[in-house]
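Open the model in your viewer and keep the selection tool ready.

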Amino acid sequence: AMLKLVCAALFVALVVAHPSPGKVIELTDANFDTVVNGELPAVLEFYATWCPHCKKFKTEYEGVAADLGSDFIIARVDGDKYEKLADLYQVSGYPTVKLLRKGVTGKDASKAEEYEGGMKKATLEQWLKSNNQAPAAASAAAAASHIQMLHLQPELEGVLAAPGKC
């Protein structure tokens, strides 16, 4: 009986505890590192309360949490209120969505991958599913070439900027 108890306790310890499956988690300075701890891939939306695009995206993002919120941490950060976090993640407009793959903690902001598609549930879910499977090296190389292109042709930056951002 003691062995069964030990085995049950070990099994429970191995299951990753999701803080809020199916829901968007509000992140603050206080809970950021605890929630974004690398045990699950994390999706971070940086928003501003005054931004009309953020307000429009809110229900779409809640839909993503309902659909994928067991496999991902789906969270949001008020970028005005928690400016240090927005700066750490180099947020230049709202809403901004970033993905941290499994194993990447909140402190590893440089490893965050920015979503550049339309702020729609289906599009974001498709990106998350495909990016969650892809090897990190390939997407890092793609990100590097994207950055180089912007660096080489700064006038393209305006053309490539995502529409619908504050």
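Start by selecting aspartate 67, which is partly exposed at a relative accessible area of 44% (buried means under 20%, exposed over 50%, partly exposed in between, with a 1.4 Å probe and protein chains only). This is a predicted model, in which local features need pLDDT of at least 70, side-chain atom pairs count only at pLDDT 80 or more, and totals for chains, interfaces and linings use all residues. Residues are numbered from 1 along each chain as its sequence is written, and side-chain values use heavy atoms, leaving out hydrogens and water.

The term means a side-chain nitrogen of Lys or Arg within 4 Å of a carboxyl oxygen of Asp or Glu. Aspartate 67 is in helix 3 and lysine 121 in helix 5 (residues 121–133), so this pair ties together parts 54 residues apart in sequence. Helices (H or I, at least four residues) and strands (E, at least two) are DSSP runs, numbered from the N terminus.

Next, select lysine 58 and glutamate 62, which form a salt bridge at 3.0 Å, N to O. They are 4 residues apart in helix 3 (residues 52–68), about one helical turn.

Finally, show the strands: 5 of them form an open sheet with mixed pairing, in the order 1-3-2-4-5. Strands pair if DSSP finds at least two bridges between them. Strand 1 (25–27) and strand 5 (113–114) are at the edges with a single partner strand each, so one side of each has no neighbour in the sheet.
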